[in-house]
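Please look over the sequence and the structure shown here before reading on.

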Amino acid sequence: MGEFNRAIHFRWTRVNNHAVSLKDYHVILVWKGAASLVYDFDSILPFPCPFKEYCENTIPSAIPLPDIFHRNYRVISAAAYLATFASDRSHMRTESGWIKQPPTYEPIFTQESRMNLPVFIDMINNLQSNAYGKVLKEEEFLEYFG
């Protein structure tokens, strides 16, 4: 039996072997099992995609990166994610309006919070709390799901 996890990480998107974008954070769902699968709603790769294939196409290992761009991954169980994550979508707005049209479903709130996205994407602070998952270095992330 596998388990669902959300992994928040830096991601390169490749088209025809060219790096197209470097994101400050990206959320994927990983089913951890004998053969882990990635569910990435923003990818052109197969859905779901085998973990190894996903990593080969989105995480370039041969490109040396400055330290500031070294990738970290927050891995959190689906149950903990659903119980703790909240977003009022304020990160999607500017003074002039929406940056991008928001999803049609209601914002996600918990009893404790209306907005805690910054806690989830912070890979430096709040590392002692398991409430927001565990931050892994890239090698640890690849080993955990590989």
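## Surroundings of Arg93

Which residues does Arg93 touch, not counting residues up to four places away in sequence? Arg93 touches Trp98 and Ile99, where contact means heavy atoms within 4.5 Å. Arg93 belongs to strand 8, residues 93-94, and at 42% relative accessibility it counts as partly exposed. Buried stands for under 20% relative accessible area, exposed for over 50%, and partly exposed for values in between, with a 1.4 Å probe and protein chains only.

Helices (H or I, at least four residues) and strands (E, at least two) are DSSP runs, numbered from the N terminus.

## Basis of the model

This is a predicted model, in which local features need pLDDT of at least 70 and side-chain atom pairs count only at pLDDT 80 or more, while totals for chains, interfaces and linings use all residues. Residues are numbered from 1 along each chain as its sequence is written, and side-chain values use heavy atoms, with hydrogens and water left out.

## Nonpolar cores

A nonpolar core is a set of buried Ala, Val, Leu, Ile, Met, Phe, Trp, Tyr and Cys residues joined through side-chain atoms within 4.5 Å. The largest one has 14 residues, and those with the most contacts inside it are Val30, Val38, Phe51, Tyr54, Phe141 and Phe145. At least two residues of this core come from each of strand 4 (26-32), helix 1 (51-58), strand 7 (72-77) and helix 4 (138-145), and the largest share, 3 residues, is that of helix 1. Another core, of 5 residues, lies apart from it and includes Ile76, Phe85, Leu117 and Phe120.

In soluble globular proteins, nonpolar side chains tend to be buried together.

In helix 1, the residues Phe51, Tyr54, Cys55 and Thr58 are buried; they lie on the same side of helix 1 because they cover an arc of only 95 degrees around the axis, the arc being that of the directions from the helix axis to the C-beta atoms.

In helix 4, Glu138, Phe141 and Phe145 are buried, and their arc of only 60 degrees around the axis puts them on the same side of that helix. The face of helix 4 turned away from its buried side carries the exposed residues Glu139 and Glu143.

## Cysteines

A search of the whole structure finds 0 disulfides, a disulfide being a pair of cysteine sulfur atoms within 2.5 Å. The sulfur of Cys49 is 8.7 Å from the closest cysteine sulfur, in Cys55, which is too far for a bond. Cys49 is buried, with a relative accessible area of 1%, and Cys55 is also buried, with a relative accessible area of 9%.
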